[in-house]
Amino acid sequence: MHAPTHSTSGLSPDPVLLAVDGGIATLTLNRPDKLNALDYATIDRLMARLDAIEVDDAIRVVILTGAGERAFSAGGDIREFSGSVARGANAAVRDFVRRGQAVTARIEAFPKPVIVAVNGLAFGGGCEITEAAPLALASDRALFAKPEILLGMPPTFGGTQRLARLAGRKKALALLLTGTRFTADQALALGLVNAVVPHDTLIPAARELAGLIARQSPLAVAAILAAVTRGLNMGIAEGLLAESEQFARLVPSHDLAEGLAAWRERREPVFAGR
Ligand code: COA
């Protein structure tokens with residue numbers, strides 16, 4: 001496994017670590033002293049990591065987690081974005097809101113599945129990343145909150161939009177309007193995570209799920225991700241059109257021919273991603 005811990009300069013810690021093993025990339029938010037708060041450099045690094053992963057055919061699935069014992073992420077870096085707020089609405093939207101919305105939208109629409117492994121606190125932006133991800137597992141030590149209201153502001157990384165779509169308007173608003181913390185089991189009940197697992201088994205469980213997906217055709221995986229996620233934000237007629245378009249794109253592919261042939265020949269398919 002390749003796991004660099006520092007940026008290429010070797011001087012400052014890399015805010016988002018990358019390790020690749022068996023077609024699975026693990027990204028680790030790496031500011032444990034700051035509870036992995038998302039400063040601009042961390043968000044930019046995460047975007048750059050995703051750009052590189054997107055075009056790396058050897059990587060089929062991404063796991064995103066947090067360094068240290070306490071947090072997945074305590075959200076947007078309050079000290080840093082306070083500076084943007086002090087510079088006025090234009091600077092605050094440009095530097096803070098657009099950046100946060102861009103990274104959650106990127107995770108939501110990423111053509112390879114992103115599994116968030118919530119290893120601790122997921123407050124604010126940490127919760128919003130979990131909302132945006134197509135799949136998520138939580139440690140039984142995970143703790144969630146939408147605490148922006150306590151700062152006198154609404155969430156800004158998609159947090160007013162996705163949780164209400166995911167869990168329903170009233171359940172989302174009760175959390176958004178109070179900032180109340182909620183447990184991993186409550187997150188499971190809301191549909192925010194797929195499962196809650198004992199803390200020490202979080203990464204193995206994420207790797208097991210990732211492995212089940214990594215063996216599939218990456219074309220079919222991307223088609224399903226696109227059809228489901230785009231379809232959720234459309235009417236059913238447009239969603240069905242998206243589904244048929246995704247299927248039509250796969251019709252001339254090696255992977256579909258191989259999948260069908262393997263079924264006829266009663267053998268395991270070997271998908272090539274083309
Ligand atoms: N932005 C910037 N720094 C943050 C941060 C954030 N969102 N969350 C935590 N940190 C920093 C703290 O400032 C502290 O750094 P310091 O030691 O240099 O002061 C370090 O991380 C540890 O956090 P601390 O507050 O000391 O831990 P705690 O156990 O007392 O409290 C929290 C944990 C999560 C309750 C508290 O850190 C918190 O309220 N964080 C902000 C959560 C939030 O509102 N997020 C949404 C932002 S839009």
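Let me start with one residue. Asn36 has a relative accessible area of 1%, so it counts as buried. Buried means under 20% relative accessible area, exposed means over 50%, and partly exposed lies in between, with a 1.4 Å probe and protein chains only.

A word on what we are looking at. This is a predicted model, where local features need pLDDT of at least 70, side-chain atom pairs count only at pLDDT 80 or more, and totals for chains, interfaces and linings use all residues. Residues are numbered from 1 along each chain as its sequence is written, and side-chain values use heavy atoms, with hydrogens and water left out.

Back to Asn36. Its phi is positive, about 55 degrees, and it is not a glycine. Most residues other than glycine have a negative phi. Where does Asn36 sit? It is in the loop between strand S2 (24-29) and helix H1 (40-54). Helices here are DSSP runs of H or I with at least four residues, strands are runs of E with at least two, and both are numbered from the N terminus.

Now take Arg266. Its phi is also positive, near 55 degrees, and it too is a residue other than glycine. Arg266 belongs to the segment after helix H11 (254-264). Is Arg266 buried or exposed? Exposed, with a relative accessible area of 78%.

Next, strand S2. Six of its six residues are buried, so S2 is largely enclosed by the rest of the structure. Ile24, Thr26 and Thr28 point one way, while Ala25, Leu27 and Leu29 point the other.

Which strands pair with S2? Strands pair if DSSP finds at least two bridges between them. Strand S1 (residues 16-21) runs antiparallel to S2, joined by six bridges. Val20 has Ala25 of S2 as its bridge partner. S1 and S2 make a hairpin with two residues between them, and Gly22 in the turn has a positive phi of about 60 degrees. Strand S3 (residues 61-66) pairs with S2 in the parallel sense, again over six bridges. There, Thr28 has Thr65 of S3 as its bridge partner.

There is also an open sheet of four strands. The order is S4-S6-S8-S9, and the pairing is mixed. Strand S4 (71-73) and S9 stand at the edges with a single partner strand each, so one side of each has no neighbour in the sheet. S4 and S6 run parallel, joined by two bridges. Ser73 has Ala122 of S6 as its bridge partner.

On to the ligand. The shell has 19 residues, and Lys34, Arg70, Ala74, Gly76 and Ile78 come nearest. A residue is near if one of its heavy atoms lies within 4 Å. The shell divides into nine nonpolar, three polar and seven charged residues. In this scheme Ala, Val, Leu, Ile, Met, Phe, Trp, Tyr, Cys and Pro are nonpolar, Asp, Glu, Lys and Arg are charged, and the others, Gly among them, are polar.

Now the polar contacts. Such a contact is a pair of N or O atoms within 3.5 Å; within protein, one must be able to donate a hydrogen and the other to accept it, and residues adjacent in sequence count only if both atoms are side-chain atoms. A polar backbone atom of Asp33 is 3.5 Å from a ligand oxygen. A polar backbone atom of Gly76 is 2.9 Å from a ligand nitrogen. Arg79 has a polar side-chain atom 3.1 Å from a ligand oxygen. The ligand has 850 Å² of accessible area on its own, and the protein covers 65% of it. Accessible areas come from the Shrake-Rupley method with a 1.4 Å probe, and for residues only the protein chains shown count as cover. Helix H2 (78-86) and strand S6 (121-123) are the elements giving two or more residues to the shell. H2 gives the largest share, three residues.

Last topic: aromatics. Rings of Phe, Tyr and Trp (its six-membered ring) pair if their centres lie within 6.5 Å; planes under 30 degrees apart are stacked, over 60 edge-to-face, and the rest tilted. How many aromatic pairs does that give? Three. Phe81 and Phe96 have ring centres 4.0 Å apart and planes at 20 degrees, so they are stacked. Phe81 is in helix H2 and Phe96 in helix H3 (residues 89-109), 15 residues apart. Both Phe81 and Phe96 are buried. Phe144 and Phe182 are a stacked pair too, 5.4 Å centre to centre, with 20 degrees between the planes. This pair links distant parts of the chain: Phe144 in strand S8 (residues 143-145) and Phe182 in strand S9 (residues 182-183), 38 residues apart. Phe144 is buried at 0% relative accessibility, and Phe182 is buried at 2%. Finally, Phe81, Phe96 and Phe157 form one aromatic cluster.
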